[in-house]
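User: Could you walk me through this one? I'd like to start with how the chains meet.

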Amino acid sequence: MTEKRLGMLIDLSLCIGCNACAVACKQENGVPLTKFNTWVESWDVNTGEQTRRANQPKLCNHCADAPCVKVCPTGASYRTEEGVVLVDEEKCIGCKYCMAACPFQARWVNDDTGEVGKCTFCYHRSSHGLLPACVSTCVTRARYFGDLNDPKSDIAKKVAEVGSEALYADLGLDPAVLYVGLSQVEGMPVTSAIHRGGNVVKPLEG
Amino acid sequence: MGAFPGSNGKSFQGIAKRTLDRLQTGECTIDVVDPVLGNGCVTPTAKGITWVPIKTATNAAFALGIVRKILEDKTYNATFLSYPNYQSAFAGGFASYTNASHLVIVDENHPNYRKLMRAADAGLEEPPADPKATTPVPYYVVIDQATGQPAIHTQSDAAQFEYEGEVNGVKVRSSFLFLKDNAFEHTLDEYAEITGTSVATMERIAKEFVSHGTKASARLGFGGSATANGTTGVLAYPALNGLIGSAQMTGGCNCYRIGSKTTTDGDRYKLATVKGKPAVSAKNATYICRTQKLFSQTDEYKARVAAGEKDPKPKLPWLNVPSTSDNQALVSIVNEYPYQAKILVSWMTNTIQASSGALRDSVIEKLKDTSVVPLHIACDAFIGEHAQLADYIVPDTTPFESFGLVTQEGYWRGKGNTVRWQAKQPSTIELSDGRFASFEAFCVDVAKACDMPGFGDNAIEATDGTSYPLNDAADFFLKAVANLAFAEEPVADVRDEDVKLQALDELPAAWKEAVTPEEWPKVLNVLSRGGRFWPIETSQKNGRSAYAKEYLIQYYSEKKALNKNPYSGVHPDAALRYVPEDFCDRTPIAEVYSEQEWPFRSTNYKPRFRSISMQANSPIMRDLCEKNYLELNLDDAAELGIKDGDTVRITNPTGDVMTGEAMVRAGIARSTFGVAYGYGHHAYGAQDAEIDGTLAKGDPAIAAGVHLQTMLDPMLEDGVIYPHADSDAGSPGRSGGMYNIEKA
């Protein structure tokens with residue numbers, strides 16, 4: 001029997017950028033203001049025929065070969081049996097090596113305690129068979145969640161049916177967060193600033 | 001048009017979910033005609049959805065381009081258009097009818113010129129009056145298709161809708177011809193130029209729209225009506241649906257907002273009946289917002305004419321189209337017309353923030369002036385821009401601390417009412433009798449002090465004749481829930497599991513006492529479900545909504561036709577026509593101010609992270625989005641030398657100045673700028689406030705962003721403050737107008 005691998009699949013054709021996931025996550029996990037475990041980036045694209053609005057949810061990718069775990073000097077960052085990357089706050093010394101190592105910029109530091117926080121796949125829920133808050137609240141059911149290694153799970157069936165792509169696949173980190181339509185969207189020229197929620201993270205060049 | 005699935009609408013969630021589900025399976029295609037590309041269902045890889053960037057305030061022109069194409073190709077449903085009454089249309093399988101075939105008197109010398117022809121005008125005998133009818137039934141005249149002779153509209157099964165000639169010696173034309181004239185006023189090329197879209201787009205949509213029988217629908221948007229020519233845009237939707245007969249049809253423009261009787265006279269309690277209620281209505285009184293009447297129907301007009309004045313002009317426009325209007329009430333109050341508001345009681349409202357053009361010093365000064373508004377009491381949970389100008393603020397409950405019964409909102413074809421009930425004890429002060437401060441408690445106490453009927457002991461009558469008191473919110477709303485629980489077939493009693501799971505046995509004793517022991521378990525059942533919803537399978541019948549009622553689409557509106565403008569004497573168009581934005585005397589705004597000097601229009605749209613006047617106090621919402629932007633098209637920005645992130649200054653002919661950060665993007669139509677509303681607060685927590693001697697410091701982050709300031713109407717007498725509005729409906733000219741943009 002293969003080991004369990006919790007993962008998420010996000011269909012970019014279905015994400016409307018409403019940010020309900022970001023709000024649900026903040027409320028469920030008590031994420032401090034200005035920090036986000038999950039967020040949505042939005043921008044205008046040119047499809048060749050018309051202008052459309054892209055929305056890309058992002059979060060910790062819970063990599064199998066997680067660089068944040070590798071660089072952690074105290075063992076505070078670790079992977080669970082289900083493949084979820086977590087931070088043991090007791091062991092975290094706030095050195096922020098993990099933040100520098102993460103190519104997804106998914107980690108943040110708590111300004112009050114100095115400890116590093118991140119998405120846990122709502123481990124307090126998902127380890128009891130519940131969906132993470134962002135998945136259960138998603139208005140358009142753009143996020144799938146479950147055991148990628150169980151061929152009978154909804155997420156595994158969806159991956160088998162439509163395929164999937166990972167962010168920065170060339171880094172070989174084996175992320176557990178996958179997308180539908182990623183390269184198609186990434187291939188479209190960007191025709192506005194990129195917003196995170198409603199705040200600019202990358203102005204339009206030119 | 002004017003609504004963006006996945007970006008806004010009621011309910012936003014339901015629309016977003018179902019739209020994407022059906023697009024994915026190829027069950028539907030959608031064109032979203034909107035000046036701004038919102039975050040929504042137009043995602044890069046969604047199938048079957050197209051964003052059509054339209055120039056702001058030209059919705060009617062776009063619709064008429066489609067209408068013209070359908071008329072040219074004769075692809076409309078001629079059978080449907082020839083039904084002159086509901087009964088014959090219903091027998092033909094439809095659920096609506098039009099007045100396309102009804103004749104209009106076009107003889108300028110006839111006393112009923114511009115009116116729809118009545119039986120008497122045609123020398124036809126009216127059927128005997130129905131003894132049960134409470135109001136006189138009008139009998140219109142059509143040309144019967146079979147006989148070619150004039151007939152009363154209820155006595156013909158099919159009538160000609162393109163008739164022009166004489167009846168009883170009177171020159172007449174059928175209503176449909178007025179639409180046809182207006183549609184052919186411009187070529188498709190001209191409509192493409194006016195709207196900033198293309199002939200190919202209008203032709204494609206026209207072809208698609210008529211290719212599915214009654215299973216196509218043009219839907220009423222929300223923002224589309226908030227322009228100074230919004231009424232014409234609103235008329236576009238029924239005009240299009242009337243060409244295919246899709247109103248109230250399954251898969252077409254289905255019925256929605258269907259609910260049961262709750263806070264009115266219902267199955268258990270007569271909640272709308274007040275014994276001894278003063279007989280005040282629009283018939284013998286006048287709304288301060290000047291609605292439901294033409295100026296010529298007012299006492300003022302009659303008095304001024306009697307005094308010898310010729311063609312008197314009102315201080316502010318009168319609006320016979322809407323029932324009421326909050327932004328126009330505000331305008332009336334600050335201008336003390338048609339009468340002074342000696343006591344202003346406002347509840348849960350922030351009109352000066354919510355009405356574009358009203359958040360200005362001149363309006364604020366008037367509201368502060370005790371000679372203009374001698375007493376202003378606001379009841380609110382928040383101290384917004386409006387409430388902070390009040391003499392007294394009565395604390396109110398929030399939605400989590402109060403009751404509400406509403407009809408299920410949104411494009412949902414079923415029947416049901418949602419119930420909101422106190423989820424927590426109110427945080428307002430507790431009164432000496434155990435009630436909490438709230439709008440309801442305030443109303444009851446003031447009414448009792450003034451000896452008003454309908455409050456206190458024996459205020460509410462049950463349908464069995466028993467009387468009940470009304471002293472607090474629960475006394476009223478639990479009875480409304482009982483009305484809902486007993487509508488048609490009463491619901492079952494609540495199950496013990498639900499009582500235990502939801503701790504319903506811990507609800508306040510006053511709730512149980514508000515209804516009978518028989519009603520209480522059924523009331524609990526409804527509370528436990530958050531409302532009552534009828535089975536969706538029963539919502540449709542024989543291709544129609546089961547809730548379909550007689551429904552008329554007017555291609556010629558007599559009400560509009562007779563709405564002579566008192567300032568200029570101009571009669572507005574009775575049929576859908578593209579009319580550029582105008583001022584209150586119907587002078588086009590482009591004739592008053594130069595389009596070269598003021599080349600931009602505004603598109604003021606619903607924000608993702610705020611509401612119209614609220615949410616800026618939410619730290620999470622501010623975290624997600626600290627401010628709004630002034631959104632500019634790539635090409636417009638390039639011409640102006642503006643880059644993304646630059647600070648830009650926007651001005652209008654009234655002298656208003658707005659400064660904000662530019663967001664340069666492809667996702668906005670040319671010649672407009674987008675700005676989400678709900679930002680740029682002055683109060684609502686942005687200001688310092690002293691409450692009972694304690695200073696609450698304001699948070700400047702709440703004030704971030706730009707509040708759109710629309711221009712004032714310059715066509716009224718000096719000193720009158722009248723933000724630019726639609727001349728028929730009085731809705732604020734939120735989108736459109738005239739602006740100049742420059743790099744700051």
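Analyst: The contact draws 32 residues from chain B and 38 residues from chain A, two residues being in contact if their C-beta atoms, placed from the backbone, lie within 7 Å. This is a predicted model, in which local features need pLDDT of at least 70 and side-chain atom pairs count only at pLDDT 80 or more, while totals for chains, interfaces and linings use all residues. Residues are numbered from 1 along each chain as its sequence is written, and chains are lettered from A and ligands numbered from 1 in the order in which they are written.

User: Which helices and strands of chain B each supply at least two residues of the side that touches chain A?

Analyst: Helix H1 (12-24), strand E2 (49-52), helix H20 (619-624) and strand E24 (657-665) of chain B do.

User: Switching topic, which residues have the most contacts inside the largest nonpolar core?

Analyst: They are B:Ile66, B:Val67, B:Met117, B:Ala236, B:Leu240 and B:Leu630, in a core of 214 residues; such a core is a set of buried Ala, Val, Leu, Ile, Met, Phe, Trp, Tyr and Cys residues joined through C-beta atoms within 7 Å, where buried means that 20 or more other C-beta atoms lie within 10 Å of a residue's own. Apart from that core lies another, of 34 residues, with B:Leu478 and B:Trp511 among them.

User: And why is H14(B) largely enclosed by the rest of the structure?

Analyst: Because 13 of the 13 residues of H14(B) are buried.

User: How far apart are the centres of domain 3 and domain 5 of chain B?

Analyst: Taken over C-alpha atoms, those centres are separated by 38 Å, with domain bounds coming from an automatic or database domain assignment.

Conventions: Buried ≥ 20, exposed ≤ 12 C-beta atoms within 10 Å, placed from the backbone. Helix = DSSP H or I, 4+ residues; strand = E, 2+ residues; numbered from the N terminus.
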